[in-house]
Amino acid sequence: MTQEEKYMKEAIRQAKKAAAVGDVPIGCVIVHEDKIIARAYNQRNKKKTTLAHAELLAIQKASKKLEDWRLEECTMYITLEPCQMCAGAIVQARIPKVVIGAMNPKAGCAGSVLNILQVERFNHQTEIEHGILEEECSQMLSDFFRELRRKKKEEKNAQN
């Protein structure tokens, strides 16, 4: 198992925690000097706020741990390509590398819809590596949404 796979496995474990509380299964870990310094999962529904994305929660934890908003020696591992808000936060935090499990063709901002992480005019660009445990990350999301649709259909049928 590669280093990337090892840390992505932990991000997947985080994503499963999100699914367990009814949130979209997205997980994130931040690594500094070969050690995980922050773990987080999507809690948007749980916390009832747009801001509770896995990446933002992990950035907060990592910044607190390092006592600095600059995460210049860290690598972020995320199960799904970041949205525009999270991609902006990654650039702002000066994270030099992001490892992505699955791409997000509808909302991804690390190359799918936009590539905020590598805008040349910004004062920081982030190296991107994607496709690490992609099938596992994609399957987890597909399973979650399939189950959500099934539950909604059952609820609708129960009302009729």
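Student: Which backbone oxygen does the side chain of His 53 reach, and at what distance?

Tutor: Keep in mind that this is a predicted model, and that the distances are computed from it. His 53 is found in the loop between α2 and α3. From there, the side chain of His 53 reaches a backbone oxygen at 3.3 Å, and that oxygen belongs to Thr 50.

Student: Is His 53 buried or exposed?

Tutor: Leaving out residues up to four places away in sequence, His 53 touches Asn 42, Arg 44, Cys 83, Met 85 and Cys 86. The class itself follows from the relative accessibility, for which buried means under 20%. Because the value for His 53 is 13%, His 53 counts as buried.

Student: Which residues does the UniProt annotation "binding site" cover, and what is the largest C-alpha distance in that group?

Tutor: According to the unreviewed UniProt entry, the annotation covers His 53, Cys 83 and Cys 86. Although they are spread over 34 residues of sequence, they cluster in space, and their largest C-alpha distance is 9.3 Å.

Student: Which of these residues does the lining of the largest pocket include?

Tutor: The largest pocket has a volume of about 600 Å³. Of the 26 residues that line the largest pocket, the closest to its centre are Val 24, Ile 26, Leu 80, Asn 104 and Phe 145. Of the residues under the "binding site" annotation, the lining includes His 53 and Cys 83.

Student: Which helix supplies the largest share of that lining, and how many residues does the share hold?

Tutor: α2 (44-47), α3 (54-66) and α5 (134-159) each supply at least two residues of the lining of the largest pocket. By class, that lining has 14 nonpolar, 7 polar and 5 charged residues. The largest share comes from α5, with 6 residues.

Student: What is the relative accessibility of Cys 86, and is Cys 86 buried or exposed?

Tutor: The place of Cys 86 is in helix α4, which covers residues 84-92. Apart from residues up to four places away in sequence, Cys 86 touches His 53, Glu 55 and Leu 56. Its relative accessibility is 0%, so Cys 86 counts as buried.

Student: Which side chain makes a polar contact with the side chain of Arg 150?

Tutor: Arg 150 is found in helix α5, and at 37% relative accessibility this residue counts as partly exposed. In the model, the side chain of Arg 150 makes a polar contact of 2.2 Å, and its partner is the side chain of Glu 154.

Student: How far apart are the end C-alpha atoms of residues 2-114?

Tutor: UniProt, in an unreviewed entry, lists these residues as "domain: CMP/dCMP-type deaminase". In the model the span is 39% helix and 23% strand. The distance between its end C-alpha atoms is 28 Å.

Note on methods:
Residues are numbered from 1 along each chain as its sequence is written. This is a predicted model: local features need pLDDT of at least 70, side-chain atom pairs count only at pLDDT 80 or more; totals for chains, interfaces and linings use all residues. Side-chain values use heavy atoms; hydrogens and water are left out. On a 1 Å grid over the protein atoms alone, a cavity is a set of points where a 1.4 Å probe fits but cannot get out, and a pocket is an open set with protein on both sides within 12 Å along at least five of seven lines; lining residues have an atom within 4 Å of a point. Grid points are joined across faces, edges and corners, and a volume is the space filled by probe spheres set on the points. Helices (H or I, at least four residues) and strands (E, at least two) are DSSP runs, numbered from the N terminus. Ala, Val, Leu, Ile, Met, Phe, Trp, Tyr, Cys and Pro count as nonpolar, Asp, Glu, Lys and Arg as charged, and the others, Gly among them, as polar. UniProt positions are given in the numbering used here, feature names are shortened, and annotations may be inferred rather than shown by experiment. Buried means under 20% relative accessible area, exposed over 50%, partly exposed in between (1.4 Å probe, protein chains only). Contact means heavy atoms within 4.5 Å. A polar contact is a pair of N or O atoms within 3.5 Å; within protein, one must be able to donate a hydrogen and the other to accept it, and residues adjacent in sequence count only if both atoms are side-chain atoms.
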